[in-house]
Amino acid sequence: MENTSTMTLEKMIMSLFLVVATLLTAYAGLNALDNIFGVSMFIMATAFALGVAAIVTGKFEDTDTEYYNYSVVKAGVIASVIWGIVGFTAGDYIAWELAFPALNLDLQWTSFGRLRPLHTSAVIFAFGGNVLISTSFYVVQRTSRARLIGSVTPWFVFWGYNLFIVLAALGYVFGVTQSKEYAEPEWYVDIWLTIVWVMYLVVFLGTLMKRKEPHIYVANWFYLAFIITVAMLHIVNNAAVPVSFFGSKSYIAWSGVQDAMIQWWYGHNAVGFFLTAGFLAIMYYFVPKRAGRPVYSYRLSIIHFWSVIFIYIWAGPHHLHYTALPDWTQTLGMAFSIMLWMPSWGGMINGLMTLSGAWDKLRTDPVIRMLVVSVAFYGMSTFEGPLMAIKAVNSLSHYTDWTIGHVHSGALGWNGFVSFGALYCMVPWLWGKKEVYSLALVSMHFWIATIGILLYITSMWVSGIMQGLMWRAYDNLGFLEYSFIETVEAMHPFYVIRAIGGLMFLIGALIMAYNLWMTVKVGEEATETSMQPAIAPVAAE
């Protein structure tokens, strides 16, 4: 391991950058034209100053005795659990708000409009983002047989990304946003995320370049595609002109139907690359590792990768059926969405068939059960998505709760369960424990969360289809048969069921947090001191 006790070139460059950033943000804060911008600048200045102090005092010295850098991965795991509970709590609270509007407390900060983007960003970017960063740092090291490059830069990525989450959340609660789906933070937060994301790419790609394993395992292909494509999507969609460099308000560079097209090119591919490609990387590493079996077909995994990467990027227009978007563009989005059926199901089959010869583990190991069910939810949601992209179906489903049910079957069942499975795997490995504290609690988490997901998505399916049918119902005189408020009243019982389902999912996450905490504190120490196999087993083809 390299000696990091001296001030290396990396640390000097990072310290200089943070000193300059501290001065610039402090100056901007002192000259702020609005309170939220000023508070955000002073939060950033404080964070940057603390970063300089941490580097100078040696807080980022490599203390790992292992060959790999596990410290930053552990921090990512802890942040993932914390942000997950925050995001799930916010989501369930606004679900109850929809059923009982008085829960908004008649305050602007607790209204659905403010808390809804807080929930989506907390779950997708805070929970999901930290899961992706921590697992990618773990997987790229193990499969490359190489330590993460740098001693400060990986920590810069971790703390910088979580600073972005805090700044974004502050804007959501106080109503300072761009009003763009999944891209609400204002220009100054977007710039900071761009800097952090470039450093993320540097760490990941730099580690791959110094690998001792000649083969690049397929999980790293998916991680790399996720990192590069999200960077492109973020920069283009968030191109904006600030009114002042000392205020939060900005205007998007795009307008009209062009802005709508770019927004849903971004929005759907945030799903396609952040919530699909990144989490497929998790599947391709942790399912074989936990099952102790080779990937069913490594050749299929490569076909899966290139098919998804090429086709997904064109599917965004299906969010804009029956709008001002040109009809040919809508049809193009629909066609590519239908084409996604095959590669998506190819990946699902590859994940499920990896258990060939090890299906008995579904009875005895609730962690592999959670991972496998996540793959099943991936298959289900990637069947439903192209179905809903067909114009005839979309005319019924669009703007209804059916879309909400579809999103959450993927988010809770696919992204949530594969993340939980990865966390249950990583915590014992990282903290040197034989196994999680209680497999019985893992099983309890699995069943409570599964029932919660089923309550959620089935209630939204029924509610959404009912909405669509009520909205298009006409009486014999040609007038609308139902007023809008009548459809809202009809949805009330389904909103209550949805909120109960979300509460069960949250309870499952709390059980997981307790289980992981007890694993670290009192879990049985691993008797095997040798490292886990460096690379997930690969099918011989």
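This is a predicted model: local features need pLDDT of at least 70, side-chain atom pairs count only at pLDDT 80 or more; totals for chains, interfaces and linings use all residues.

A: A term to begin with: buried means under 20% relative accessible area, exposed means over 50%, and partly exposed is in between (1.4 Å probe, protein chains only).

Q: Ok, then is Ala-102 buried or exposed?
A: Ala-102 counts as exposed, because its relative accessibility is 68%. Its place is in the loop between helix 3 (71–99) and helix 4 (112–144). Helices here are DSSP runs of H or I with at least four residues, strands are runs of E with at least two, and both are numbered from the N terminus.

Q: Where is the pLDDT below 50?
A: Residues 1–5 are one such stretch, with ten contacts in the model beyond near neighbours in sequence. Residues 533–537 are also below 50, and that stretch has 22 contacts counted in this way. Contact means heavy atoms within 4.5 Å.

Q: New topic. How many helices and strands does the chain have?
A: There are 17 helices and two strands in the chain. The radius of gyration is 23 Å, close to the 24 Å that the globule rule gives for 541 residues, so the chain is as compact as a globular protein of that length. That radius is taken over C-alpha atoms, and the rule is 2.2 Å times the number of residues to the power 0.38.

Q: What does the C-alpha trace span?
A: Along the principal axes of the chain, the trace spans about 85 × 65 × 45 Å.

Q: How much of the chain is buried?
A: Buried residues are 57% of the 541 in the chain.

Q: Which residues does Trp-187 contact?
A: Leaving aside neighbours within four places in sequence, Trp-187 is in contact with Phe-37, Pro-242, Ser-244, Phe-245, Gly-247, Ser-248, Lys-249 and Ser-250. Trp-187 is found in helix 6 (residues 187–209), and it counts as buried because its relative accessibility is 10%.

Q: And Ser-15, where is that found?
A: Ser-15 is in helix 1 (residues 9–30). With a relative accessible area of 10%, Ser-15 is buried. Apart from neighbours within four places in sequence, it is in contact with Val-52 and Ile-55.

Q: What is phi of Tyr-182?
A: Phi of Tyr-182 is near 65°, a positive value in a residue other than glycine. Tyr-182 has its place in the loop between helix 5 (153–173) and helix 6, and at 14% relative accessibility it counts as buried.

Q: What about Tyr-322, buried or exposed?
A: Tyr-322 counts as exposed, at 53% relative accessibility. Tyr-322 too is not a glycine and has a positive phi, of about 60°. Its loop runs between helix 9 (298–312) and helix 10 (327–339).

Methods:
Residues are numbered from 1 along each chain as its sequence is written. Side-chain values use heavy atoms; hydrogens and water are left out. pLDDT is the predictor's confidence in each residue, from 0 to 100.
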